[in-house]
Amino acid sequence: MNRDNRRRFQGGLLGRGSRLLTLAALLGGLVAGPAILSFPATAQAPAIADLSDTARVVARVNGAEITVGDIIQSAQSLPAQYQQQLPIIFPALVEREIDMRLLASAGRAQGLADDATVKQVVAAAELAAIRQIYMEQKLEAGITDAGLKAAYETYLTENPAEEEAKARHILLKQEAEAKAVIDELDGGADFATLAKEKSTGPSAPRGGDLGYFTAGTMVPEFSEAAFALEPGSYTKEPVKSQFGWHVILVEDKRVAAQPSFEEVEPQLRQQLSQEIIADLTAALRQEADVEVLAPAPSEEGAAATEAEGETKPKAE
């Protein structure tokens, strides 16, 4: 690629906006050492719409093939928003993979495969990969449809359906003001109209409408008064809370529907995963010869640490 073509190529990438500039910084961070993202003097990789053919060869470096699958794998460490845009950023990822292959080949030619630091990093990566695949296999075998359904039934039992109330309120600063509002309601005044005119709360423009809520979502004084009312009735005495004096009208009550299996399935999968890994590691510890050599902190050391912490200013 001559200088003019290369400038047009780089200009085209920059023309995509700040997303690729940010991508450059992110991809550069995947390499130990200086953050590098250059676009070498080679033909630009084509944009790609279909990533399903992972065996498709998209580039060669000194005869070694780079496939769609290689590019997808290299993108796994990117933030989710970039992984969702792989077809768009695919050309930049290909060029980046070419750079990485060239750098690795140069290092191997220099004999770094036998370097002690490289061997240490490779050993750590191997350990992490083995651990990850082992856990994935155990989770795949351990999380079954039957197990998820059983966990869902347990969830429903432990989280029973709650009653909800639909209410309006008028919030006032003084008890006397709240009593005056109750007198107006006793005289036939419209609750929503009074709320718009007199309430100091943020729901005033909506006529005091709070929608449906469960008891635990409101301060105790408010909830106790609201759930004691029958639908269509209002409090005959002002209700005091930390926010002021409330006059409450309950319009409806219902039992909230429990979440569907689909809604809580991700949560259940996470819960089962944690339980499986916890049980697995506990069993492995029982079978293993584990010796912890790091000494426990002495009482004197713990006391000194605590005293040191007390001398530090508290966060505001």
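Two strands count as paired if DSSP finds at least two bridges between them. Helices (H or I, at least four residues) and strands (E, at least two) are DSSP runs, numbered from the N terminus. β1 and β2 form a hairpin with two residues between them. One turn residue, N62, has a positive phi of about 50°.

The model is predicted: local features need pLDDT of at least 70, side-chain atom pairs count only at pLDDT 80 or more, and totals for chains, interfaces and linings use all residues. Residues are numbered from 1 along each chain as its sequence is written, and side-chain values use heavy atoms, with hydrogens and water left out.

Next comes helix α5. It covers residues 86-109, 24 residues in total. From its first C-alpha to its last, α5 reaches 32 Å, close to the 34 Å expected at 1.5 Å a residue. The expected span is 1.5 Å times one less than the number of residues. α5 bends by about 35° at A92. The bend at a residue is the angle between axes fitted to the seven residues ending there and the seven starting there. Just after α5, G111 takes a positive phi of about 85°.

Strand β7 (residues 244-255) pairs with β3, and 10 bridges join it to that strand (residues 163-172). β3 and β7 run antiparallel. Within β7, V247 stands opposite I170. Strand β5 (residues 233-234) also pairs with β7 in the antiparallel sense, over two bridges. Here Y234 stands opposite L249 in β7. Strand β6 (residues 239-241) pairs with β7 over three bridges, again antiparallel. The bridge partner of V239 in β7 is H246. β6 and β7 form a hairpin with two residues between them.

Now the helix packing. Two packed helices are described by the angle between their axes and the distance between the axes. Axes are lines fitted to C-alpha atoms, for helices over the stretch in contact, and angles run from 0 to 180 degrees between N-to-C directions. Angles under 35 degrees count as roughly parallel, over 145 as roughly antiparallel, 65 to 115 as roughly perpendicular and the rest as oblique.

Take helix α8 (residues 175-186) and helix α9 (residues 191-198). Their axes come within 10 Å and cross at roughly 150°. α8 is therefore roughly antiparallel to α9. Their crossing is right-handed. A crossing is left-handed if the near helix is turned anticlockwise from the far one by less than a right angle, and right-handed if clockwise. V181, E184 and L185 in α8 meet F191, L194 and K198 in α9. Contact means heavy atoms within 4.5 Å.

Helix α11 (residues 261-287) packs against helix α6 (residues 116-142) at an angle of about 120°, with the axes 10 Å apart. That makes α6 oblique to α11. α6 passes α11 in a right-handed crossing. On the α6 side, Y134, M135, K138, L139 and G142 make the contact. They meet S273, I276, I277, L280 and L284 in α11.

I276 lies in α11. Leaving out residues up to four places away in sequence, I276 touches K138, L139, G142 and I143. The C-alpha atoms of I276 and G142 are separated by 7.1 Å, though the two residues are 134 residues apart along the chain.

Helix α7 (residues 145-158) also packs with α11. The angle is about 105° and the axes are 10 Å apart. α7 and α11 are therefore roughly perpendicular to each other. α7 contributes G147, L148, K149, A151, Y152 and Y155 to the contact. α11 contributes F261, V264, E265, Q267, L268, R269 and L272.
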